[in-house]
Amino acid sequence: MSDSPHLPEACDLLIEAGYVVPIEPHAVVLEDHAVAIRGSEIVAILPRAEARARFRATQVVSRPEAALMPGLVNAHTHNPMTLLRGVADDLPLMTWLQQHIWPVEAAVIGPEFVADGTTLAIAEMLRGGTTCANENYFFGDVQAAVYKKHGFRALVGAVIIDFPTAWAKTDDEYFAKAGELHDQWRTDPLICTAFAPHAPYTVNDANFERVRMLSDQLDMQVHLHTHETAQEITDSIKLHGQRPLARLDRLGLVNDRLIAVHMTQLTEAEIHLCAERGVSVVHCPESNLKLASGFCPACALQRAGVNLAIGTDGCASNNDLDMFSENRTAAILAKAVADDATALDAATTLRASTLGGARALGFGERIGSIEVGKQADLVCVDLSALETQPLHNVLSQLVYATGRQQVSDVWIAGKPKLVQRELVGMDLPGIIANARQWRERIRHIRA
């Protein structure tokens with residue numbers, strides 16, 4: 001009796017692409033391949049013809065002139081601040097922050113502002129191929145609910161800062177709200193939480209020690225701005241007798257849960273300390289350039305073995321959430337800073353903005369690369385446009401020539417979020433109209 005022929009396996013979605021960029025293995029491009037998805041998970045990566053023979057898919061999406069890559073991870077954002085885009089530009093950091101941003105925020109910040117700004121940011125990020133954000137802003141409960149509503153993956157930071165805000169008035173209230181946020185979302189498949197102490201110059205030793213203790217107990221990441229400007233270093237030495245990273249180390253925070261953002265002022269010893277302790281560094285080149293904050297030594301960090309991620313920062317200082325632009329700036333700036341044209345090559349840059357970001361957020365086992373068993377957070381980038389022709393090198397083209405307007409399709413956990421440039425389940429005209437009414441409200445406040 002002969003064996004019966006093998007029946008095709010069922011899958012929910014088969015995405016066929018001219019090029020699959022898995023990120024892991026490093027610098028690999030798979031031509032004419034497909035990715036099979038069942039539920040929220042990737043179940044196979046294989047040549048297109050083999051995929052057609054092996055799987056019976058509920059839906060097949062064919063993009064023969066596109067690159068399929070992991071969704072970009074924006075590893076440092078203040079996404080409600082999309083509503084402050086362009087409010088105060090061409091100013092140094094502390095003038096920008098103390099005389100413009102904080103006063104406007106004090107007048108407008110609340111659940112409605114945070115929800116509307118986050119919604120605007122989600123729409124912008126999806127249209128630019130970003131599927132995950134590391135969020136650092138007030139009203140984390142509101143942000144988490146909005147991210148969940150739209151099926152967007154996020155690490156939501158619980159802000160800790162030494163002065164009263166609309167979110168909390170006392171140290172105990174900040175920590176109580178952080179605990180509530182963690183308890184509410186700790187089992188969610190899309191939303192996780194972190195501690196977000198603002199910066200060494202706005203958080204005292206006692207609160208940092210409290211963050212460290214709770215971070216250890218709850219296994220939560222710690223997301224903070226540090227070594228952002230030369231002035232921050234000078235002020236820290238004057239106030240604490242130590243550079244900020246040394247102070248954080250004394251307080252037990254320099255470890256593999258630390259997401260250190262900006263890091264433009266680093267010694268060689270500090271770079272090696274970060275490598276030894278497993279610190280992740282988030283490079284925000286465009287924000288740092290615009291605020292003249294300094295240059296993160298991205299190449300030196302990466303070559304020392306530090307996990308490098310990339311972020312846009314908030315729209316009040318960048319002024320966009322465009323990770324394709326950020327990648328290009330990061331790669332080019334790294335070469336100038338290192339005085340080495342081989343620094344932060346295209347493959348390494350893409351890795352930083354996908355798997356590097358995922359690992360920084362504690363999501364490395366779930367997202368950041370196209371591997372069997374990982375979540376299907378995927379992006380199709382159309383490379384047929386005039387601006388990306390001729391196509392000699394897919395990885396180089398994605399970093400040095402591709403614009404976010406070439407993102408055609410986006411999936412998060414296997415669910416479509418952008419189909420042929422059209423947002424799924426989001427009211428684009430309504431989001432734009434809402435942003436405009438916030439412009440009027442803020443204009444009246446500043447008048």
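# The chain in questions and answers

Biologist: What radius of gyration does the chain have?
Modeller: The radius of gyration is taken over C-alpha atoms, and the globule rule is 2.2 Å times the number of residues to the power 0.38. With 447 residues, that rule puts a compact globule near 22 Å, so the chain agrees with it at 22 Å.

Biologist: What kind of model is this?
Modeller: Residues are numbered from 1 along each chain as its sequence is written, and side-chain values use heavy atoms, with hydrogens and water left out. Local features need pLDDT of at least 70, side-chain atom pairs count only at pLDDT 80 or more, totals for chains, interfaces and linings use all residues, and the model itself is predicted.

Biologist: How many helices and strands are in the chain?
Modeller: Helices (H or I, at least four residues) and strands (E, at least two) are DSSP runs, numbered from the N terminus. The chain has 15 helices and 16 strands.

Biologist: What share of the residues in the chain is buried?
Modeller: A residue is buried under 20% relative accessible area, exposed over 50% and partly exposed in between (1.4 Å probe, protein chains only). Among the 447 residues, the buried share is 58%.

Biologist: How far apart are the centres of the positive and negative side chains?
Modeller: Lys and Arg count as positive and Asp and Glu as negative, while His and the chain ends are not counted. Each charge is placed at NZ of Lys, CZ of Arg, CG of Asp or CD of Glu. There are 39 positive and 54 negative side chains, and the distance between the centres of the two sets is 3 Å.

Biologist: Which residues does serine 408 touch?
Modeller: Serine 408 lies in strand 14, residues 407-412. Its relative accessibility is 7%, so it counts as buried. Contact means heavy atoms within 4.5 Å. Leaving out residues up to four places away in sequence, serine 408 touches Arg63, Cys380, Leu418, Val419, Gln420 and Arg421.

Biologist: What distance separates the C-alpha atoms of tyrosine 400 and alanine 346?
Modeller: Tyrosine 400 lies in helix 14, residues 394-400, and is partly exposed at 27% relative accessible area. Beyond four places in sequence, tyrosine 400 touches residues including Arg328, Lys335 and Ala346. Tyrosine 400 and alanine 346 are 54 residues apart along the chain, and their C-alpha atoms are separated by 7.8 Å.

Biologist: Which residues is histidine 182 in contact with?
Modeller: Histidine 182 is found in helix 5, residues 171-185, and is buried at 10% relative accessible area. Neighbours within four places in sequence aside, histidine 182 is in contact with Thr193, Leu218 and Met220.

Biologist: What is omega for the peptide bond from glutamate 24 to proline 25?
Modeller: Most peptide bonds are trans. Proline 25 is found in the loop between strand 1 (9-20) and strand 2 (30-38). The bond from glutamate 24 to proline 25 is cis, with omega near 5°.

Biologist: What is omega for the bond that joins asparagine 318 and asparagine 319?
Modeller: Asparagine 319 lies in the loop between strand 12 (307-310) and helix 12 (323-338). The bond joining asparagine 318 and asparagine 319 is cis, and omega is about 25°.

Biologist: What is phi of alanine 27?
Modeller: Most residues other than glycine have a negative phi. Alanine 27 is in the loop between strand 1 and strand 2, and is partly exposed at 43% relative accessible area. Its phi is positive, near 65°.

Biologist: Is histidine 227 buried or exposed?
Modeller: Histidine 227 is found in the loop between strand 9 (222-226) and helix 7 (230-240), and has a positive phi of about 50°. Its relative accessibility is 0%, so histidine 227 counts as buried.
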